[in-house]
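Here is a short briefing on one structure. It covers a pocket and a sheet.

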Amino acid sequence: MRTSVILSTYNSPGWLRKVLWGYFCQSRLDFELVIADDGSRDETLTLLREMAHESPVPLAHVWQPDDGFQKCRILNKAISVARGEQLLVSDGDCVPRRDFVATHQDRATPGAFLTCGYFKLPPTVSQALTRADIERQDAFSARWLLTHGMPPTLKLLKLLARGSVSEWLNRHTPARLSWNGHGASCLKREALQVNGFNEAMQYGGLDVEFGVRLNHVGIRAQHIRYSSTVVHLHHGHGYVTPEMTARNRTIRRQTRELRLQRAELGIDQWLGPDGQPRLGPDDRVEWLRP
């Protein structure tokens, strides 16, 4: 398996369904989908079992008990299960354009991680998006979005740019070069080199901190912001607390100042000596389509 696409989710089966439609119509299908489920109720597994019958690629569900926001923990568990040489990490509320996986595969380079762009949709447009809109790629059409109530914005360039224009924008964007949770990729061995995601962190910069540790071991960041994009379905952040964000800010500062390379609490606890997954007694892994 060349690429493992890892999608984090929590109690959002309606959004996850739309995201899976996007992956089912990718231009290239030499990848697997690993759903990193941070304790969702049974509706998510029911949806996945239903959709597995139409999935053109292998599909796995990795679930852990609900213990608050523990995205880093479930991402590490999903990575331990993943079989691909390349990891492409995104979220279960980010619908990929048809060329999303292929672009990450074509541009994969040892010693570099790729970070893509995203386009936020308002609630009304998120709800209006249908399977046909995704399969026809209307969801990535500026005309379609404007027709459905999206206000005009320069950010539409993320969807409009192609060819040499997108390459120029990739090189000159003022956006910070960082690992972005909505879409970034690296080799699996590189993620293991820094011990995966930092499980001491909850919401707030956990993706950036992972990317900083990759930088510290010599793995540079490369923008494909205008060449690879997703549309981000609207949702709230009711799980975020001031204490959570303050703690994460401290951890990020320490990682930068001390030039830390490995997470102290990371993926190594979920891997056996043979490199095979060694998850907790209450965790569940099910290959819905092997």
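A pocket here is an open set of points on a 1 Å grid over the protein atoms alone, where a 1.4 Å probe fits, with protein on both sides within 12 Å along at least five of seven lines; lining residues have an atom within 4 Å of a point. This is a predicted model: local features need pLDDT of at least 70, side-chain atom pairs count only at pLDDT 80 or more, and totals for chains, interfaces and linings use all residues. Residues are numbered from 1 along each chain as its sequence is written, and side-chain values use heavy atoms, without hydrogens and water.

**Second largest pocket**
- Its volume is about 160 Å³ (the space filled by probe spheres set on points joined across faces, edges and corners).
- Among its lining residues are Asn 198, Glu 209, Arg 213, Ile 251, Arg 262 and Leu 265.
- Helix 11 (206–216) and helix 12 (242–257) each give two or more residues to this lining (helices are DSSP runs of H or I, at least four residues; strands are runs of E, at least two; both are numbered from the N terminus).
- Helix 12 gives the largest share, three residues.
- The lining divides into five nonpolar, three polar and four charged residues (Ala, Val, Leu, Ile, Met, Phe, Trp, Tyr, Cys and Pro are nonpolar; Asp, Glu, Lys and Arg charged; the others, Gly among them, polar).

- Nine strands form an open, mixed sheet in the order 5-8-6-7-4-1-2-3-9 (strands pair if DSSP finds at least two bridges between them).
- Strand 5 (94–96) and strand 9 (284–289) are at the edges with a single partner strand each, so one side of each lacks a neighbour in the sheet.
- Strand 3 (residues 59–63) runs antiparallel to strand 9, joined by five bridges.
- Trp 63 has Arg 284 of strand 9 as its bridge partner.
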